[in-house]
Amino acid sequence: VWTVEVNGNKKSDANVILAACEKIGIREGVQKSKIDPQIAKQELLLELETLAWASVNIEGCRVSVNVTETKEKGEDNSIPTNLKASADGIITKIDVTSGNCVVKAGDTVSRGELLVSGVIERADSTRFVHSAGSIIARTERVIEVKAYYKRTVSQKNGRVKKRSALSFFGIRIPLYLGSVNGSFESRSEVKDAFLFGKKLPIRLYTKYCEMTDEKEVTVSKNELLKELDGLLKEAAERENISDFEVKNREFDEIKGGISLKAVISAEENIAEQEILLFNTGN
């Protein structure tokens, strides 16, 4: 086998599929007689859950691996669920499409409180449904972030060291001596060899090491305050809040820096799915 190629992948990284192929014995340099396409495709599907179908075709010295990826599973609407509050807040808007809503606009709710019940009771029956919809509430959170005047930073000094290796049938041959010492940022590139438009089992791997120097710097107070604003935004985004209002800010001097404690207010969907558990007894 001279080359192994992957076709049909859209979301899956071809390198991940090639790594799985190598694990089951499909790689450059292996004898074609050692590859059983029917067994290989089954083994590949067992290796990668992201694939729904695969075929392995041997065409001369080339192996083509054709794949179809699995579709993302949608929400299972057959499972009975409640909607509970993911945060404290005051409800401003309700849009429930399924389930028994037990709150109304203007209500104050606490985290974990039931918003929409998956149990619908009638005079002569009880139904269990998959609750769905959104409950928008005005929430408040306290977020604290810290930043320091002095920090160690890496700066490129303009020196670049190049390390290349030639790959032939999957065997890498270094074209350099020694290792790169010191701090650096690296980037790599791979060039394939072709003959009459056909890919050859030869690659040139090149790693560029951009050397860096570490130095200690001290930022100004204005720069630190600006950094704290950025850290506050990042902390809010980690809680899935992109649009918020700062209600209160408290700055405190700490050893070597400044801390910011802020109260932020936002309108967000606080409805969180909770699967209904049943105790059936005996």
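How do the residues of the lining of the largest pocket divide into nonpolar, polar and charged? They comprise 9 nonpolar, 3 polar and 5 charged residues, where Ala, Val, Leu, Ile, Met, Phe, Trp, Tyr, Cys and Pro count as nonpolar, Asp, Glu, Lys and Arg as charged, and the others, Gly among them, as polar.

The structure is a predicted model, in which local features need pLDDT of at least 70 and side-chain atom pairs count only at pLDDT 80 or more, while totals for chains, interfaces and linings use all residues. Residues are numbered from 1 along each chain as its sequence is written, and side-chain values use heavy atoms, with hydrogens and water left out.

## Pockets

A pocket is defined on a 1 Å grid over the protein atoms alone, as an open set of points where a 1.4 Å probe fits, with protein on both sides within 12 Å along at least five of seven lines; lining residues have an atom within 4 Å of a point. Grid points are joined across faces, edges and corners, and a volume is the space filled by probe spheres set on the points. Helices (H or I, at least four residues) and strands (E, at least two) are DSSP runs, numbered from the N terminus.

The largest pocket has a volume of about 390 Å³. Its lining has 17 residues, of which Leu18, Glu22, Glu28, Arg203 and Tyr205 are the closest to its centre. Two or more lining residues come from each of α1, β13 (171-174) and β15, and α1 gives the most, with 5 residues.

The second largest pocket holds about 220 Å³ of space. Among its 18 lining residues, Arg163, Ser164, Arg172, Tyr176 and Lys207 are the closest to the centre. β12 (150-168), β13, β14 and β15 each supply at least two residues of this lining, which by class has 9 nonpolar, 5 polar and 4 charged residues.

## Nonpolar cores

A nonpolar core is a set of buried Ala, Val, Leu, Ile, Met, Phe, Trp, Tyr and Cys residues joined through side-chain atoms within 4.5 Å. The largest one has 19 residues, and Ile17, Ile26, Ile35, Leu44, Val63 and Val65 have the most contacts inside it. At least two residues of this core come from each of β1 (3-7), α1 (14-23), α2 (37-47), β2 (51-59) and β3 (62-69). Another core, of 15 residues, lies apart from it and includes Ala236, Ile241, Ile258 and Ile264.

Contact means heavy atoms within 4.5 Å. Leaving aside neighbours within four places in sequence, Val63 is in contact with residues including Ile26, Ile35, Val56 and Ile58. Between Ala54 and Leu231, 177 residues apart in sequence, the C-alpha to C-alpha distance is 46 Å.

## Accessibility of selected residues

Buried means under 20% relative accessible area, exposed over 50%, and partly exposed in between (1.4 Å probe, protein chains only).

| Residue | Relative accessible area | Class |
|---|---|---|
| Ala54 | 1% | buried |
| Asn82 | 9% | buried |
| Cys101 | 29% | partly exposed |
| Ser131 | 0% | buried |
| Phe196 | 80% | exposed |
| Asn240 | 72% | exposed |

Phe196 is found in the loop between β14 (184-195) and β15 (198-218), and its phi is near 55°, a positive value in a residue other than glycine. Asn240 lies in the loop between α3 (221-238) and β16 (245-254); phi of Asn240 is near 65°, again positive in a residue other than glycine.

Asn82 is found in strand β4 (residues 81-85), and Ser131 lies in the loop between β10 (126-128) and β11 (132-148). A polar contact is a pair of N or O atoms within 3.5 Å; within protein, one must be able to donate a hydrogen and the other to accept it, and residues adjacent in sequence count only if both atoms are side-chain atoms. The side chain of Asn82 reaches the backbone nitrogen of Gly118 at 2.7 Å, and that of Ser131 reaches the backbone oxygen of Thr81 at 2.7 Å.

Leaving aside neighbours within four places in sequence, Asn82 is in contact with residues including Ser117, Gly118, Ser131 and Gln273. On that basis, the contacts of Ser131 include Thr81, Asn82, Val116 and Gly118.

Cys101 is found in strand β6 (residues 100-101). Neighbours within four places in sequence aside, Cys101 is in contact with Ile94, Val96, Leu115 and Val116. The C-alpha atoms of Cys101 and Ile258, 157 residues apart along the chain, are separated by 45 Å.
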